[in-house]
Amino acid sequence: MIARFRVRHLEITTMIGCKVACVYCPQDKISRQYFGTDRMMKFDDFIRYIEKVPRHIVLHFTGFAEPFLNPRCTDMIEHAARRGHPIYISTTLAGMTREDVRRLSQLTYYQFQIHLPSAEKLMNLAINDEYFTLLSDLVSAGIITDLHFHGNEVHPTVGAWLRRHVVNFEEYGIQDRAGNLNTEKVEKKVSKPIIIAAKPSGKLRCGRIYQNVLLPNGDVVLCCMDWSAEYVLGNLKRDRFEDLYRSETFRRVLRGLKDPGVDLLCRTCNMAQSGAAKDRLKTAIHNIPGVGPVALQTLRRLGRGAKALGTSAFPTGRLPH
């Protein structure tokens, strides 16, 4: 039996080889490592996989590709909703149609997230009348919970449209994807710093080990940072869902979180946190987009200055070193 408080999300990768090709997504790695004959998830296979997934688990349509590039994506979402799964959607709108929006507007969502284009053209996405029609329909449907962009600035035409219609959006920092991202390629287009893991030592913890990613061939990999599919927990064509967490691969991950001597993806990822409170604070500050590393250095200097004066600048506790 799977504990409800641990298993929360299963990300659905509806296809391999995303043509949106955001520069901050290492598509080349998953494309090389994927060994399935079908790069587009079949609807019948999706039904077969999801029958094994407990209904309380959030199904997150994102994974390693734009979900709506699979023409059966809305069918999958509706099927999952009928089963009672909370639904989470992350989309650029690529591949979506007005008929999709009409059907999607009939459902309720755990979250409905839109990735906006940036001024630096970091994704292959046509910003045209069709795009704004879809965006307008979704705004009118009232189902969007979050809009954000990655990069220096939001696409100027999109930003102007959103401001004119009083729609809020925000910036998300670009992560190095646990060392998988070609940061040199991104830095040629984006001046803002890339979020790189603080690489905490000692014991780690991370909720993302229970937010796994389902691939079209039925493989389930550890998380959305496992772009090289190094940690395959099992396959839902043959395995029961609960057996994913009894696999030797998952046991190796658990050992690696406890033992710094075990080579583990999590130790290169900004999502993982140290078990120590001071290290968790250090990691959280470090990962603030754009200012984290500088802020952490400033706080360290303040802490050293306070120590030299024999006082504490942080009366509630010592600053992490």
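Biologist: Which strands do the three bridges of E2 join, and how do they run?

Modeller: In this predicted model, three bridges join E2 to strand E3 (residues 87-91), and the two run parallel. Leu59 has Ile87 as its bridge partner in E3. Between these strands the chain passes through helix H3 (residues 73-83), and this β-α-β crossover from E2 to E3 is right-handed.

Biologist: Which strand is joined to E2 by four bridges?

Modeller: That is strand E1 (residues 9-12), which runs parallel to E2. As a point of reference, His9 stands opposite Val58 in E2.

Biologist: How do I read the side chains of a strand?

Modeller: In a regular strand the side chains alternate between the two faces of the sheet. In strand E2 (residues 58-61), Val58 and His60 point one way, and Leu59 and Phe61 point the other way. All of these are buried.

Biologist: Are the faces of E5 covered or open?

Modeller: Both faces are covered. Asp146, His148 and His150 lie on one side, Leu147 and Phe149 on the other, and all are buried. Five of the five residues of strand E5 (residues 146-150) are buried, so the strand is largely enclosed by the rest of the structure.

Biologist: Which strands are joined to E5?

Modeller: Strand E4 (residues 111-116) is joined to E5 by four bridges, and they run parallel. Strand E6 (residues 170-172) is joined to E5 by three bridges, again with the strands parallel.

Biologist: Which helices belong to the β-α-β units with E5?

Modeller: Helix H5 (residues 129-141) forms a right-handed β-α-β unit with E4 and E5. Helix H6 (residues 156-164) forms a right-handed one with E5 and E6.

Biologist: Now for charges. How many salt bridges are there?

Modeller: The count comes to 14 salt bridges. The rule asks for a side-chain nitrogen of Lys or Arg within 4 Å of a carboxyl oxygen of Asp or Glu. One of them is between Lys42 and Asp38, with the closest N and O atoms 3.4 Å apart. Another is between Glu242 and Arg240, at 3.6 Å.

Biologist: Are the residues of those pairs buried or partly exposed?

Modeller: Lys42 is partly exposed, with a relative accessible area of 45%, and Asp38 is partly exposed at 29%. Glu242 is partly exposed with 23%, and Arg240 also counts as partly exposed, at 46% relative accessibility.

Biologist: Which residues are linked in a network of salt bridges?

Modeller: Arg72, Asp75, Glu78 and Arg103 are linked in this way. Arg72 is partly exposed, with a relative accessible area of 35%.

Biologist: What about a charged residue without a salt bridge, such as Asp100?

Modeller: Asp100 lies in helix H4 (residues 98-104). Asp100 is buried and has no salt bridge. The nearest side chain of opposite charge, Arg103, is 4.6 Å away, and a salt bridge has to be within 4 Å.

Biologist: What lies around Asp100, then?

Modeller: The backbone nitrogen of Thr97 lies 3.0 Å from a polar atom of the Asp100 side chain. Leaving aside residues up to four places away in sequence, Asp100 touches Phe68, Thr74 and Gly95.

Key:
Residues are numbered from 1 along each chain as its sequence is written. This is a predicted model: local features need pLDDT of at least 70, side-chain atom pairs count only at pLDDT 80 or more; totals for chains, interfaces and linings use all residues. Side-chain values use heavy atoms; hydrogens and water are left out. Buried means under 20% relative accessible area, exposed over 50%, partly exposed in between (1.4 Å probe, protein chains only). Lys and Arg count as positive and Asp and Glu as negative; His and the chain ends are not counted. A polar contact is a pair of N or O atoms within 3.5 Å; within protein, one must be able to donate a hydrogen and the other to accept it, and residues adjacent in sequence count only if both atoms are side-chain atoms. Contact means heavy atoms within 4.5 Å. Two strands pair if DSSP finds at least two bridges between them. A crossover is right-handed if, with the strands pointing away from the viewer, the path from the first strand over the helix to the second runs clockwise.
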